[in-house]
Amino acid sequence: MAGDLIDIATARERVLEHVRPLGAEEVALGEALGRVLAEDVSAEEDLPPFDSSAMDGYAVIAGPAAELDVVDESRAGHPAQRALASGQAIAISTGALIPEGADAVVPVERVQASNGRVSVPDTAAGANLRRAGDDVRRGEAVLRAGSVLGPAELAVAAALGHSALPVGRRPRVVVLATGDELVPPGEPLGAGQIRNSNTIGLAAQARQVGAEVVGNEIVRDNLESTKAALSEALERADVVCVSGGVSVGPHDHVKPALAELGVREVFWRVALKPGKPTWFGARDGKLVFGLPGNPVSAMVTFHLFARPALRALAGAQPDDTSGTAVLDEPLPRNAGRDEVVRCRVRAADDGWHVSPTRDDQSSHVLTSMLAAEAFAIIRAGEGSVAAGERVPIELIR
Ligand code: AMP
Ligand code: MG
């Protein structure tokens, strides 16, 4: 801590203390990618559901080399009509049901077939069989509540017979950008104007973590407009992210507007660079992030504070993306604040290495976010961190 500033970890904890997970809903598997599982999923059936062949070949009774009569066929989806007796083989396809009486499969490459007979080599019991329940046994818990459903989770759910899954409701987010200087991309720039990039970046970050963005607009720098936009946002959203206007300038209206709307301040200002003016508050379970206007600060603070909140609202377990990496270039320390340096990551023989995406890591240099795969956290202090030292990192993709 430095003065009245709290550190990154404390700020994140205080955000998460205010999260009350949203309810759950049932969604079809086809709609469930990226959603958060709300309940454990246990197998109601064995996977695979029956003993089957791992190869194309012949189902046999295990034993010494022999010449056998081929008496039937078991194809995928079309089991054989009869049981296997001594001296017999049944032609079988990969994935087909093992006929009654058989306990091994001889691959087609290892037999000689002619005139309805096959000669098979010495075969051990269980050869080339897939057993029922090899993958998952009935009753086993396979997917855990709080996990994010990716392609593998969805495929497993389908394999176990689920056509829909209970998932946490997606948080609804309104993104606002304050600033008289802001012009939407696509419109001409006047003197002193800049393009609004924050709502685009922040809305994309929110969507990427599974939130539904229900509003996205520019707000002008006066108390009435700021209050009106925030008031409406609080009606529609679970989470409001507003960029800019949280400092102490005469045209910064976000904090007074939120105070008038009854949003209680939880913290303001974090010992973080970029991102010092970050504000966080809550009203009746709704969360408000007052993010700094500088484009890098807005994206960094969204990632550090709003993203974990959005995940937790949807019921997700915290994702541990933190670790350490070797810094490839020396970096100066900031005396009072931890610095978040946008970095590329590379794998080397001695583990992960990071290096800044750009030398200029100023909070207005938005292209420093390009190609960033991790934030390196350079702890506050004197002097600098030498190349080759290990630093804490957070993976960001
Ligand atoms: P503020 O926090 O409102 O003082 O803004 C800090 C800096 O960020 C100023 O240089 C603003 O022009 C810039 N800024 C604020 N909002 C945005 C935005 N939506 N898009 C791009 N830059 C912005
Ligand atoms: Mg401003």
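## Domains

How far apart do the C-alpha centres of domain 1 and domain 3 lie? In this predicted model, the centres of these two domains are separated by 66 Å. The protein is divided into domain 1 (8-23 + 169-313), domain 2 (25-46 + 134-168), domain 3 (52-130) and domain 4 (322-395).

An N or O atom in the side chain of E181 lies 2.6 Å from an oxygen atom of ligand 1, while a backbone N or O atom of G245 is 3.0 Å from an oxygen atom of the ligand. A nitrogen atom of ligand 1, in turn, is 3.4 Å from a backbone N or O atom of N198. Taken alone, ligand 1 exposes 490 Å², and the protein buries 76% of that.

## Aromatic rings

The structure holds 3 aromatic pairs. The rings of F267 and F280 have centres 5.7 Å apart and planes at 35°, so this pair is tilted; it joins strand β18 (residues 264-268), where F267 sits, to strand β20 (residues 279-283), which holds F280, the two residues being 13 residues apart.

F280 also forms a tilted pair with F289, at 4.9 Å centre to centre and with 40° between the planes. F267 is buried, with a relative accessible area of 4%, and F280 is buried at 0%, as is F289 at 0%. Ring pairs link F267, F280, F289 and F305 into a cluster.

Technical notes. Residues numbered from 1 in each chain as written. Chains lettered and ligands numbered in written order. Predicted model: local features only at pLDDT ≥ 70, side-chain atom pairs only at ≥ 80, totals over all residues. Heavy atoms only, no water. Polar contact = N/O pair within 3.5 Å; in protein donor to acceptor, adjacent residues only side chain to side chain. Areas by Shrake-Rupley, 256 points an atom, 1.4 Å probe, with all protein chains shown as cover. Domains from an automatic or database assignment. Phe/Tyr/Trp six-rings, centres within 6.5 Å; stacked < 30°, edge-to-face > 60°. Helix = DSSP H or I, 4+ residues; strand = E, 2+ residues; numbered from the N terminus. Buried < 20%, exposed > 50% of the residue type's maximum accessible area, 1.4 Å probe, protein only.
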